[in-house]
Amino acid sequence: MNRTLTPLLGAWLVAVAATGSALFIGEVMGMVPCVLCWYQRIAMFPLALLLGMAFYSEDRRGAVYALPLALAGAGVAGYHSFLVAGLVPKAWVPCGAGVSCTDQKLDIVYGIELPWLSLAAFLVITVSLSLYLRRTSK
Amino acid sequence: MINRKLIIVLVLGIALVAFLVGMNLYQSRVQSTQEQQVAGQSERLVRMHSPVIGPREAPVTIVEFFDPACETCRAFYPVVKELMQQYPADVRLVIRYAPFHQGSDQVVKLLESARQQDKYLAVLESVLAAQPQWADHGNPNLELAYKAAEQAGLDIPRARADMAATTLDAVLQQDVQDLTALKVEKTPTFFVNGRPLPSFGQKQLADLVAQEVSKLKR
C-alpha cells in the first residue's frame, strides 16, 4: 500500500469505530439520541461509507467530498461539548421536547463525555483528510 | 489493489466481531445485575392483588409488566397466549401494570373493574384489539376503550363506580413502586421464575420458558 494513503485509512478507521460505537450505544445500550447527537450521526455515518469507498478506489475526490461532513460534524460536536461543559447558556438549547442534550448521562466511558469523543473523532478525521489532500495535491 | 481489499475486509470483519462480542458481554452483564436485583426483592414480582391467568399453582410463572396502551404489549399478547397453550399445566401469567402512557392508569382501572365482574380476559382482549383506535399516545380517547369493554360485556355504570374506589389507586401505586424498584423501564418486561430475558424478543421469551419447564422434568 502506498504510504500517502495512510491518513485516508486512518480517517476511515476512526469513522468506522465512531459509527459502530454510536450504533452500540443507541441500539444495544438503548440510549435515545438527542437532537444534537442526531446531527453528529448524520455527519458521521456517511463518512464510514464514503471514506471506505475513497480508500478502496484510491480516489482523492472522496476526501474532498468527505471534508465538509467532517467539518460540519466537528462544529456540532464542538457546540455539544460546550453545552455539557456548561459554557453555553441552557436557554439556547434547541431541543425542548424529547431527549435533553444537556441533562442526559453522557459520561458513560469512565467519566469521558460522549460529545468530547465525538469532537475528537471529527477533528482527527478532518486533520487526516487535510494531510492526505496536501500530500496528493499536484 | 489486493492489499487494500484485504485491509477493508479485515477492518469490517474486526468491527463486526467487536460489535457482536461487545453486545453479548453487555447483555449478559445487564441480565446478571437485573437477576441479582430481582433475587434480593422477589416479593416485588408477584403481589396478592396481581391478576393471574392460567393455573394458579403452576410451577412456572411469567411476570409481565404491561401497559394497555403499549403497541408491543399488544403484539406480544398472542405470543404469550400461545406459550400458555403450549404448557397448559405448567405456566401461569401474572400481570403487573406499568402505566407509562397518558391515560393508561384509567384503562388499568377499567381492567381491574372488569376483574370484579369476572370479565377480565374478555375485556382485556377487546381493549387490546381496539388499542389502535383509543391509544393515541399524545391524545388518548378513553371513551373508545370503554366502548370496547362494553362490547366485551362489561357493565359500564358499575365499572365506573368501581373505578372510583381508592383500592385501585393503591394497586396502581404498588405496581409502580415495584417496577421502579426492579428498574423496569420498558413494556413489556418479562420475568420467568424471576429471571429476566437475556435480550428482548419473542424467541428469547419462548426459550426461557422452555428452559424453566424442562427444569421441572428433571
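**Where chain B meets chain A**

Modeller: Between chain B and chain A, three residue pairs are in polar contact, both residues being at pLDDT 80 or more. (A polar contact is a pair of N or O atoms within 3.5 Å; within protein, one must be able to donate a hydrogen and the other to accept it, and residues adjacent in sequence count only if both atoms are side-chain atoms.) By class, the side of chain B that touches chain A has nine nonpolar, two polar and three charged residues. (Ala, Val, Leu, Ile, Met, Phe, Trp, Tyr, Cys and Pro count as nonpolar, Asp, Glu, Lys and Arg as charged, the others, Gly among them, as polar.)

This is a predicted model: local features need pLDDT of at least 70, side-chain atom pairs pLDDT 80 or more, while totals for chains, interfaces and linings use all residues. Residues are numbered from 1 along each chain as written, chains are lettered from A and ligands numbered from 1 in the order written, and side-chain values use heavy atoms, without hydrogens or water.

Now the contact itself. Here 14 residues of chain B touch 17 residues of chain A (contact: heavy atoms within 4.5 Å). The two chains bury about 1300 Å² between them, with 78% of it on carbon and sulfur atoms (accessible area, 1.4 Å probe, lost on being put together, summed over both). On the chain B side, Arg4(B), Phe19(B) and Tyr26(B) lose the most area to chain A. Together they make up 42% of what that side buries.

Over all chains, the whole structure has 13.

Most residues other than glycine have a negative phi. Glu58(A) sits in the loop between H2 and helix H3 (60-85) of chain A (helices, H or I, at least four residues, are DSSP runs numbered from the N terminus).

Both chains also line the second largest pocket. H1 (6-28) and H2 (35-56) of chain A and H1 (2-40) of chain B each supply at least two lining residues. H1(B) gives the most, with nine residues. The lining has 22 residues in total, and those nearest the centre are Val16(A), Thr19(A), Gly20(A), Ala15(B) and Leu16(B). By class, 17 are nonpolar, five polar and none charged.

Conventions: On a 1 Å grid over the protein atoms alone, a cavity is a set of points where a 1.4 Å probe fits but cannot get out, and a pocket is an open set with protein on both sides within 12 Å along at least five of seven lines; lining residues have an atom within 4 Å of a point. A salt bridge is a side-chain nitrogen of Lys or Arg within 4 Å of a carboxyl oxygen of Asp or Glu.
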